[in-house]
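Please look through the fold below before reading on.

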Amino acid sequence: MCSESVPLAALEQHEWSCPGRAAASRTATPQAGGIKALRSDVEEWARGQLANLGRRFCVSTLDESVALAALAVCTDKAEVRDQAVMIIADNQPVKNFAAEFW
């Protein structure tokens, strides 16, 4: 977590230059306007994994786009795992996916 005091107007730019966000560069890239986007290969893999996990463990239909969006904004490994468990199911395959996604 960043402890630097940043003016609101510069917050989006700081998000991508902050040393505390170094891990985000593995899966996400900054886009115009500061909006994050997953690399296409990561997004394709994650959608496939989410579809498979949704078929296996969800009682109702899982919207992969919504699940992917919720996971993409997580700031650390534990948050990704907790979100994935909450969205899909509390089991080892879901936790393994979350660890690999991070």
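This is a predicted model: local features need pLDDT of at least 70, side-chain atom pairs count only at pLDDT 80 or more; totals for chains, interfaces and linings use all residues.

Residues are numbered from 1 along each chain as its sequence is written, and side-chain values use heavy atoms, with hydrogens and water left out.

The protein has five helices and two strands, where helices (H or I, at least four residues) and strands (E, at least two) are DSSP runs numbered from the N terminus. Read from the N terminus, the order is α-β-β-α-α-α-α. Of its 102 residues, 27% are buried, meaning under 20% relative accessible area with a 1.4 Å probe, protein chains only. The accessible surface is about 6600 Å², by the Shrake-Rupley method with a 1.4 Å probe; carbon and sulfur atoms hold 54% of that surface. Among contacts (heavy atoms within 4.5 Å) between residues at least 6 apart in sequence, 43% join residues at least 24 apart.

Now to the helix pair. Helix 3 (residues 64-72) packs against helix 4 (residues 77-87) at about 155°, with the axes 9 Å apart; axes are lines fitted to C-alpha atoms over the stretch in contact, and angles run from 0 to 180 degrees between N-to-C directions. That angle makes helix 3 roughly antiparallel to helix 4, a term for angles over 145 degrees. In the contact, Ala67, Ala70 and Leu71 of helix 3 meet Val80, Gln83, Ala84 and Ile87 of helix 4. By class, the contact of helix 3 with helix 4 has six nonpolar residues, one polar and no charged ones, with Ala, Val, Leu, Ile, Met, Phe, Trp, Tyr, Cys and Pro counted as nonpolar, Asp, Glu, Lys and Arg as charged, and the others, Gly among them, as polar.

Definitions and conventions: Angles under 35 degrees count as roughly parallel, over 145 as roughly antiparallel, 65 to 115 as roughly perpendicular and the rest as oblique. Buried means under 20% relative accessible area, exposed over 50%, partly exposed in between (1.4 Å probe, protein chains only).
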